[in-house]
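Here's a quick tour of a structure, with an eye on its charged contacts first. Have a look at it, then read on.

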Amino acid sequence: GMLAMDDIETLRARIDALEMARAHQDRAIEDLSEALAAQWKQVEVLQRQVARLSDQVQEASAAAPQGPEPPPPHY
């Protein structure tokens, strides 16, 4: 059967609501994508720092005298 004017208005309102929700979701996805990209950059920076520190620790332990450590002076 034919759609009544009320039905058409209801459908228009529902479509408008869906379009608005879709626009909000698109924006939210963009925001999340940008945040994720920024976090990955930070993770890469931290990974490089950890690798550098690890190298420094290995160098320091290789340069340290081997054998038992003397007790601290207050003993």
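## Salt bridges and surface

Searching the whole structure turns up 4 salt bridges. Keep in mind that this is a predicted model.

| Pair | N to O distance |
|---|---|
| Glu-9 and Arg-12 | 3.0 Å |
| Arg-22 and Asp-26 | 3.1 Å |
| Arg-27 and Glu-30 | 2.7 Å |

Glu-9 and Arg-12 sit in helix 1, 3 residues apart, or about one turn of the helix. Glu-9 is partly exposed at 42% relative accessible area, and Arg-12 is partly exposed too, at 48%.

Arg-22 and Asp-26 are 4 residues apart in helix 1, so about one helical turn separates them. Arg-22 counts as exposed because its relative accessibility is 52% and the cut-off for exposed is over 50%. Asp-26, at 33%, is partly exposed.

Arg-27 and Glu-30 are again both in helix 1, with a spacing of 3 residues. What else joins them in a network of salt bridges? Asp-31 does: Arg-27, Glu-30 and Asp-31 are linked this way.

On the nonpolar side, Leu-3, Leu-11 and Ile-15 make a surface patch with about 260 Å² of accessible area together. Ile-15 belongs to helix 1, which covers residues 5–63, and is partly exposed at 45% relative accessibility.

Now for some spans. Ser-33, also in helix 1, is 29 residues from Ala-62 in sequence and 43 Å away in space, C-alpha to C-alpha. Gln-49, another residue in helix 1, is 22 residues from Pro-71 in sequence, with 33 Å between their C-alpha atoms.

How values were computed: Residues are numbered from 1 along each chain as its sequence is written. This is a predicted model: local features need pLDDT of at least 70, side-chain atom pairs count only at pLDDT 80 or more; totals for chains, interfaces and linings use all residues. Side-chain values use heavy atoms; hydrogens and water are left out. Patches are made of residues with over 30% relative accessible area and no salt bridge: like charges are joined within 9 Å, nonpolar side chains (Val, Leu, Ile, Met, Phe, Trp, Tyr) within 5 Å. Accessible areas come from the Shrake-Rupley method with a 1.4 Å probe; for residues, only the protein chains shown count as cover. A salt bridge is a side-chain nitrogen of Lys or Arg within 4 Å of a carboxyl oxygen of Asp or Glu. Helices (H or I, at least four residues) and strands (E, at least two) are DSSP runs, numbered from the N terminus. Buried means under 20% relative accessible area, exposed over 50%, partly exposed in between (1.4 Å probe, protein chains only).
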